[in-house]
Amino acid sequence: MARLNLQGMGVALITPFRSDKSIDFDALARLLEYQIKNGIDYLVVLGTTAETPALTPDERREVRDFVAARVAGRVPLVLGCGGNCTAAVVEELRSVPADTYSAILSVVPYYNKPSQEGIYQHYAAIAKASPLPVVLYNVPGRTGVNMAAETTLRLAADFPDKIIAIKEASGNINQMDAIIKSKPEEFMVISGDDGITFPLITLGAVGVISVIGNAFPREFSKMVRLTLEGDYDRARAIHHRFTELFSLLFVDGNPAGVKCVLNAMGYIENELRLPLVPTRITTYEKIRRVLDAL
């Protein structure tokens, strides 16, 4: 079997809600078609941006199966499957639909604050249990613990056929560069932060798992492809068009910002589930001004 290629732009898919907080599957279907028609490379389902902690187990299965049925193999699908109880993650992996999903994305265990050895053993257990390739996800701003470059490289070396990539969202360019410099040839480093995707690809990353791509799939995937092709001047111009929006999307938390944008574009209702709430009206107005300019 050919090794999964996650080069380009993956989109960290949101979960649309109606005003009664139920999942809006009609809006989700429209959003999926919008993504695919505008040239995304793959989708990440039930990640952080999907408000997964606020979904019930039944709802997560519904979203997982709905997306797989609607996409119908047109782009690869990566499924979020992580947690801070290793045994529970391993058990969840038993029900992963390996016929419709191409890989899992698994976050560094949060809240527990494990040691580097604990992180390594957590992922070793996942690698041994997973029916699909594994993408590591390092996001210390959310988890409370950073996976060091040495731990990432150790996992990549010890499980070359199973642990195939890392979504790096540490914000530490030096750490990311150290991984890129010393990684096995086929191991992929993927940006987990839209704002640093351009410079990170110039260092050797293969692309991004994007939040802004929910709203601007055509434009942002073009920027990614131009950078991968070495057309830095044209890529940089697109990157700079979105500079202000990068910060606005996260000033009131994710996915509040991108849901605000999608609402302004007419795709979804501006609804989140507690403890998340929509952007402040001042942020909404700033986003509308940026959208008008774009």
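R154 lies over the face of Y120, at 3.5 Å from the ring centre. A charge counts as sitting over a ring if NZ of Lys or CZ of Arg is within 6 Å of the ring centre and within 35 degrees of the ring normal. R241 is another case, with its charged end over the ring of F242, 5.8 Å from the centre.

Before I go on, this is a predicted model, where local features need pLDDT of at least 70, side-chain atom pairs count only at pLDDT 80 or more, and totals for chains, interfaces and linings use all residues. Residues are numbered from 1 along each chain as its sequence is written, and side-chain values use heavy atoms, with hydrogens and water left out.

Now the aromatic rings. The structure holds eight aromatic pairs. Rings of Phe, Tyr and Trp (its six-membered ring) pair if their centres lie within 6.5 Å; planes under 30 degrees apart count as stacked, over 60 as edge-to-face and the rest as tilted. One of the pairs is F220 with F242, which is edge-to-face, at 6.2 Å centre to centre and 85° between the planes. This pair links distant parts of the chain, 22 residues apart: F220 is in helix α9 (residues 217–228), and F242 is in the loop between α10 (232–241) and α11 (243–248). Helices (H or I, at least four residues) and strands (E, at least two) are DSSP runs, numbered from the N terminus.

What about F242 and F246? Their ring centres are 6.4 Å apart and their planes at 35°, so that pair is tilted. F242 is buried, with a relative accessible area of 1%, and F246 also counts as buried, at 10%. Buried means under 20% relative accessible area, exposed over 50%, partly exposed in between (1.4 Å probe, protein chains only). F220 is buried as well. Ring pairs link F216, F220, F242 and F246 into a cluster.

Next, the strands. Strand β3 (residues 77–80) points L77 and L79 one way and V78 and G80 the other, and all are buried. Strand β2 (residues 42–45) pairs with β3 in the parallel sense over three bridges; two strands pair if DSSP finds at least two bridges between them. V45 has L79 in β3 as its bridge partner. Between β2 and β3 the chain passes through helix α2 (residues 57–71), in a right-handed β-α-β crossover. Right-handed means that, with the strands pointing away from the viewer, the path from the first strand over the helix to the second runs clockwise.

β3 is also joined by three bridges to strand β4 (residues 103–107), and these two run parallel. There, G80 stands opposite L105. The chain gets from β3 to β4 through helix α3 (residues 86–93), and this β-α-β crossover is right-handed.
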